[in-house]
Amino acid sequence: MATANSEEAVDLFTPYTMGKFQLSHRVVLAPLTRCRAIDQMPNEAMAKYYSQRASKGGYIITEATLVSPTAGGYPHCPGIYTDEQVEGWRKVVEAVHAKGAIFFCQLWHAGRASHPVFQPGGAAPISPTDKPISKRWTVLMPDGSQAEYPAPRRLETYEIPGVVEDFRQASLNAIRAGFDGVEIHGAQGYIIDQFLKDTINDRTDEYGGSLANRCKFLLDVTQAMVSAIGAERVAVRLSPAIDYLDAIDSDPLALGLAVIERLNELQESVGSKLTYLHVIQPRFMTADHKPVHEDEGAQLLKKLRKAYQGTFVCSGGYTKDLGNEALAHGDADLVAFGRFFLANPDLPKRFELDAPLNRYNRALFYTHDPVVGYTDYPFLDEEES
């Protein structure tokens, strides 16, 4: 079986050993917000959706899942901070495990990328800063309308360990629900990325200023989870060069390498590797909102991949051919697919057979219907019949 250090030629259907998990292929379901968890509760529709996309020896990641009552930023996203939510997720996990897949829960806090309508008591969202997201971006409201992001409330230094504890407890809850592990959402402009990026983080305490200080919150969260459930069940997702929700850094490569250096040191100190590092390919945007030159984005990803000591997952606009190319060149060990997997529940099979793909309907990405645009995309055998 090929591993991260194998010199054999690999593609999306070369088996892989991801820590203690044996994968039969390398086509990963990326975490995708779907807004079907009515009142933040995992439900039967979600069990069907995820089990549809599960395959024996496949690996799938949940949508971003709230670690606390203050973590939300979109309508009807699931939580994992109450006993009822844990029990709801247990049924989803059982449906996925029945198909023989490995299932991780992505743990998330939106930080300033929220609105008082999603906050307890209508409070301002919490963040490392009190600067709001610019009017370039809007927040999806419960009634389907779009609104401006409000000014967040800057966290006091003494409050930050409480948010770390929310992540730690959520990781324990995920294991209690039966998940195989958790992915820390440290990307795309949410609270961890807000601490990491130097154009957002304007703190003057131990969590702001230098690269080391800006990395501290992520490392505190990761260390807390590793201590709670073991490094082999913890993964991290980063997007150093993505400017989504104004999450811009003046030196994305330096930031990515600084985080990786600290993750490598953490792995060495605990004597066990994290499950993987997941980095989003900066294929579409940069700090000046112009398209990234393909070579520039690829070179950044290559440097981060080379620096990280462990399994490396890439995502961001990959096709089957681009995924195979990344694997063949050693730029990643696994490739995560989003929109294609959303519209093709049997995506690994379609890739393997070179079968045509269903087209996704963007207008239905974030609706709340339990079937339409969610579990009604056809399987290949249904189309053939």
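**Exercise 1.** What is the handedness of the crossing of α3 and α5?

*Solution.* The model is a predicted one, in which local features need pLDDT of at least 70 and side-chain atom pairs count only at pLDDT 80 or more, while totals for chains, interfaces and linings use all residues. Residues are numbered from 1 along each chain as its sequence is written, and side-chain values use heavy atoms, with hydrogens and water left out.

Step 1: locate the helices, which are DSSP runs of H or I with at least four residues, numbered from the N terminus; helix α3 covers residues 160-176, and helix α5 covers residues 211-229.

Step 2: compare the axes, which are lines fitted to C-alpha atoms over the stretch in contact, with angles running from 0 to 180 degrees between N-to-C directions; those of α3 and α5 come within 9 Å and cross at roughly 35°.

Step 3: assign the hand, which is right-handed if the near helix is turned clockwise from the far one by less than a right angle, and left-handed if anticlockwise; the crossing of α3 and α5 is right-handed.

Step 4: list the contact (heavy atoms within 4.5 Å); among its residues are V164, F167 and L172 of α3 and F217, V221 and M225 of α5.

**Exercise 2.** Describe how α1 and α2 are placed relative to each other.

*Solution.* Step 1: the axes of α1 (residues 44-52) and α2 (residues 83-97) come within 8 Å and cross at roughly 25°.

Step 2: angles under 35 degrees count as roughly parallel, and α1 and α2 are therefore roughly parallel to each other.

Step 3: M46, A47, Y50 and S51 in α1 meet W89, K91, V92, A95 and V96 in α2.

**Exercise 3.** Which residues touch the most other members of the largest nonpolar core?

*Solution.* Step 1: such a core is a set of buried Ala, Val, Leu, Ile, Met, Phe, Trp, Tyr and Cys residues joined through side-chain atoms within 4.5 Å, where buried means under 20% relative accessible area, with a 1.4 Å probe and protein chains only.

Step 2: of the 103 residues in the largest core, Y50, F167 and F217 touch the most other members, and helix α5 gives the most to this core, with 9 residues.

Step 3: leaving aside neighbours within four places in sequence, the contacts of Y50 include L29, W89, V92 and F103.

Methods:
Helices (H or I, at least four residues) and strands (E, at least two) are DSSP runs, numbered from the N terminus. Angles under 35 degrees count as roughly parallel, over 145 as roughly antiparallel, 65 to 115 as roughly perpendicular and the rest as oblique. Buried means under 20% relative accessible area, exposed over 50%, partly exposed in between (1.4 Å probe, protein chains only).
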